[in-house]
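Welcome to a short tour. Open your viewer, keep the selection tool at hand, and follow along step by step.

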There are 4 protein chains.
Amino acid sequence: MAPAAREATRRRVLDATVRTLAAQGFTGTTARSIATTGGFAAGVIYYHFTDLDELFAATVRHVSETQLEQYRADTEGVDSAVELVERLRALYTAAGADRYVAAVQELFAAAHASTGLAEEVRAATTRWQDYAEATIRRLVEGTPFADLVPVREAAVTAVAAFLGVEMLTHLDPGLVDPAGLFDAAARAAALLDATRLL
Amino acid sequence: MAPAAREATRRRVLDATVRTLAAQGFTGTTARSIATTGGFAAGVIYYHFTDLDELFAATVRHVSETQLEQYRADTEGVDSAVELVERLRALYTAAGADRYVAAVQELFAAAHASTGLAEEVRAATTRWQDYAEATIRRLVEGTPFADLVPVREAAVTAVAAFLGVEMLTHLDPGLVDPAGLFDAAARAAALLDATRLL
Amino acid sequence: MAPAAREATRRRVLDATVRTLAAQGFTGTTARSIATTGGFAAGVIYYHFTDLDELFAATVRHVSETQLEQYRADTEGVDSAVELVERLRALYTAAGADRYVAAVQELFAAAHASTGLAEEVRAATTRWQDYAEATIRRLVEGTPFADLVPVREAAVTAVAAFLGVEMLTHLDPGLVDPAGLFDAAARAAALLDATRLL
Amino acid sequence: MAPAAREATRRRVLDATVRTLAAQGFTGTTARSIATTGGFAAGVIYYHFTDLDELFAATVRHVSETQLEQYRADTEGVDSAVELVERLRALYTAAGADRYVAAVQELFAAAHASTGLAEEVRAATTRWQDYAEATIRRLVEGTPFADLVPVREAAVTAVAAFLGVEMLTHLDPGLVDPAGLFDAAARAAALLDATRLL
DNA sequence: TATGAATGAGCCTTCATTCAT
DNA sequence: AATGAATGAAGGCTCATTCAT
C-alpha cells in the first residue's frame with residue numbers, strides 16, 4: 001500500500017476522533033467508540049498512534065493548526081474592526097467548523113497533568129493567544145485606544161472567552177447565543193472604526 | 001443517627017468530591033478516589049446519593065450556590081467599578097476559593113447530554129449569568145454607556161471568560177495571569193468610574 | 001464480613017491459581033481462567049492482589065513455603081538414606097502434591113527479569129537449596145563420603161534435577177518415571193547406609 | 001527466488017527466534033518481537049511457517065539437532081570420565097552456545113499439551129536421553145559400577161538436571177554456578193577413572 | 001518473495017454499583 | 001449508618017494472523 005494510503009487512514013482516524021469528541025464528549029470517546037464512528041477496527045488506532053494520549057495530542061495539533069491557518073488566511077491584513085467581525089463570523093459559522101471547535105474544546109477541558117495532550121494544548125493555546133494579540137494590536141492601532149488597551153491581556157481573555165462560550169454552547173445551545181454575541185461585537189466594532197477616522 | 005449527623009456525613013462526601021475534583025480532575029474522580037480523599041468507605045456515597053451523577057449534580061449546586069451567595073453578599077450595592085473589581089479580586093483570591101472554582105470548572109466541562117449533572121450545570125450557569133447581568137447593569141447605570149452596552153451579552157461573555165480562564169489556569173498557570181487580568185480590569189474600571197462623574 | 005472471610009477468599013484465589021497453572025500451564029493462566037477455575041468474578045483477584053504478578057509471587061511463596069515446611073517436618077532428624085528416600089517418596093506421591101509441584105515449576109519457568117515473581121522464585125530457590133544442603137550433609141556425615149562430596153554443589157544439582165524432572169513429567173509422563181528414579185535412589189541409599197556401619 | 005535463498009530466509013527467521021527467546025523469554029517472544037530482532041516484516045514468518053507453533057517446533061528441532069550433533073562429534077569415543085567432563089565443559093562454554101541453550105530451555109518450559117511444539121520437544125528429549133545413556137554406559141563400562149549404576153535412570157536425571165540448571169541460571173546467575181558444578185564433576189570423574197585402572 | 005496495513009479476539013485492569021453484615 | 005467484599009461491564013492495549021500489493 002502506498003504511503004499515501006497510510007496517511008489517508010491516519011486522517012480517517014483523526015476525523016473519527018473529532019466526530020466522536022463532538023458527539024459524545026471526552027468521556028464518551030474511547031478507542032472503541034472512535035472505531036465505531038470511523039467504521040474501522042479499534043486496533044487500527046494503535047497501528048497509527050502509540051496510544052490514545054498520542055491520538056488526542058495529534059488531534060489537537062491537527063485541528064488547531066488547520067483552523068488557525070484558516071483564521072490567519074481569512075483575517076490577514078484586515079484592519080477594519082467591522083470587517084474583522086464579519087470575517088470571524090463567517091469562519092465560525094462555516095460548514096463543519098462547529099465540530100472542530102467542539103472537539104478542541106473537549107480536549108482542552110480534558111487536558112491534565114504531564115500528558116502529551118496537555119503539552120500540545122499548551123502549545124496550541126499560546127499560538128492562538130499570539131494570533132489574537134497580533135490581530136487586536138492591528139485593530140487598535142491608529143485609534144485613541146492604542147495606548148489604553150492592554151493588548152496581551154485582551155488577547156488572553158478573548159481566547160478564554162471563546163473556549164468558555166464553546167463549553168456552554170455545547171452543553172446547552174440555549175445558554176449562549178453566539179449570533180447575538182457577534183451582533184453585539186459588530187456594533188462595538190463600528191464604534192471603534194469610527195474613532196479611527198479622527 | 002440524628003438527622004444532623006446524616007447531614008454532616010453528606011457534607012463530608014461533598015467536600016471530598018470537591019477536593020478530589022480539584023486535585024485529580026474529573027477523569028480521576030471515581031467513587032474510590034473520593035472515598036480515599038474523604039477517608040470513608042466508597043459505599044457511603046451510595047447511601048447518601050443515588051449514583052455518581054447525582055453526587056456531581058449536588059456538588060455543582062452546593063458549591064455554586066455557596067459561592068454565589070458569597071459573591072452576592074460581598075458585591076451587594078457596590079456601584080463603583082473600581083470597588084467592584086477589588087471585591088471580586090478578594091473573593092477570587094480568598095483562601096480555599098481556588099479549589100471550589102477548580103471543582104466547578106471540571107464539572108462544567110464534563111457535563112454532557114441529559115444527565116442530572118447537566119441539568120444542574122445549566123441552572124447554575126443561568127444564575128451566574130443573571131448575577132453578572134444585574135451587576136453590570138448597576139455599573140453602567142449613570143454612565144454614557146448605559147444605553148450602549150448590551151448588558152446580557154456582556155454578562156454571558158463574562159461568565160464564559162471566567163470559565164475559560166479557569167480552564168487554562170488549571171491546565172498551566174503560565175498560560176493566564178489572573179492577577180494581571182484584575183489589574184487591567186482595575187484600570188478599565190477607573191476609566192468607567194470617571195465617566196460617571198460627568 | 002469477618003477478617004477470616006477475607007483470608008478465606010484469598011486462599012480460594014491462590015488455590016484456583018495453583019489448579020489453573022497445573023492444568024493449563026503459565027500461558028493459559030489468565031485472570032479469566034483463574035476466575036473460571038475458582039468460580040468467582042475476575043475482579044476478585046484485584047481486590048485481594050495488586051496485579052497478576054503479585055498473585056503469582058504470592059502463589060510461589062505460599063506453595064513453596066507450605067511444601068518446604070512439610071518436607072522439613074517429615075525429614076527432620078532422618079539420617080538414614082534409605083529412610084530419607086522413603087520419606088521423600090511419600091511426600092512426592094502424597095495426594096495433591098503433584099498439583100503444587102506442577103504449579104511451582106510453571107512459575108519458576110516463567111519467572112523473568114525484575115518482576116515480583118522473579119524475586120520470590122529466587123528466594124524460594126535458595127531456601128530449597130539450603131534445605132537440600134542440610135539434608136545431604138546429615139546423610140554423608142559419618143560415612144567415607146563426608147569429605148569427598150561437595151555438599152553445596154550436590155544440593156544445587158538436586159534442586160535443579162527436581163525441577164527438570166517436573167518439567168519433563170508435566171510435558172509427557174512417558175519421558176521420566178519418577179517411581180523408577182525413587183527405586184534407583186533407594187538402591188544407592190542402601191549402599192550409602194552400608195558404608196556408615198563401618 | 002532460488003530455493004537456496006528461500007532456505008536462507010528460513011534460517012534468518014529461526015535465528016531471530018533463538019535470539020529473541022534468549023533475550024526476552026518465551027512470553028516476550030511474539031511475531032512482532034522476532035521480526036524486530038531479525039529486521040524483517042512479521043509477515044515473513046507466515047510465509048515460511050504455518051504459525052508460531054510450527055516456528056517454535058522447527059526451532060526446537062533445529063537447535064536441538066545442531067547441538068546434539070556437535071555433542072556427539074566432540075564426545076565420540078571418549079571413555080575417560082575426566083576427558084568427557086572437559087569436552088562437555090568446552091561445549092557448554094563455546095561461543096554462542098548459551099544462547100541456544102537458553103532458547104531451547106524456554107521452549108521446553110513452554111511446551112504444553114498437544115501442540116506441535118510439544119511433539120518436537122518430546123522427540124528432542126528422547127534423543128538427548130539416548131545420547132546421555134550411551135555416553136554414561138561407555139563411561140561405567142570396565143569399572144566396578146558397570147552393574148551398579150542404573151544407566152537409563154542416570155541419563156534421564158542428567159538431562160533433567162541440565163534443564164533445571166539452565167532454568168535457574170537464566171533466572172539468576174547467582175543461584176547456580178555451572179563452572180563450580182563442572183569442577184565438582186571433574187573431581188568425581190577422576191575418582192571414577194581411577195577405579196578403571198584396577 | 002516480502003511488506004505493511006488491517007482485523008478480531010483476548011488479556012489485564014479499573015470502575016460503578018450492590019449487598020450482606 | 002457504615003463497611004468491605006464481590007460482581008459484571010467496559011476500556012486500553014497487544015497479538016497472531018490475513019491479505020492486497
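Leaving aside its neighbours within four places in sequence, which residues is Phe108(D) in contact with? Keep in mind that this is a predicted model. Select Phe108(D) and look around: from chain C you will find Met167(C) and Leu168(C), and from chain D there are Val121(D), Ala124(D), Thr125(D) and Leu163(D).

Now widen the view. The largest nonpolar core has 74 residues, and Phe108(C), Leu168(C) and Phe108(D) touch the most other members. There is also a second, separate core of 72 residues, with Leu91(A), Leu107(A), Ile136(A) and Leu175(A) among them.

Next, colour chains A and B.

Time for charged pairs. Select Arg122(B) and Asp172(A), whose side chains form a salt bridge at 3.7 Å, N to O. Arg122(B) sits in helix H7 of chain B and Asp172(A) in the loop between H8 and H9 of chain A, so this pair joins two chains. Are these two buried or exposed? Arg122(B) is buried, at 16% relative accessible area, and Asp172(A) is buried too, at 19%.

Last stop: Arg152(A) and Glu133(A), a salt bridge with its closest N and O atoms 2.5 Å apart. The pair ties helix H8 to helix H7 within chain A, so parts 19 residues apart in sequence are linked.

Methods:
Residues numbered from 1 in each chain as written. Chains lettered and ligands numbered in written order. Predicted model: local features only at pLDDT ≥ 70, side-chain atom pairs only at ≥ 80, totals over all residues. Heavy atoms only, no water. Core = buried A, V, L, I, M, F, W, Y, C linked by side-chain atoms within 4.5 Å. Buried < 20%, exposed > 50% of the residue type's maximum accessible area, 1.4 Å probe, protein only. Contact = heavy atoms within 4.5 Å. Salt bridge = Lys/Arg side-chain N within 4 Å of Asp/Glu carboxyl O. Helix = DSSP H or I, 4+ residues; strand = E, 2+ residues; numbered from the N terminus.
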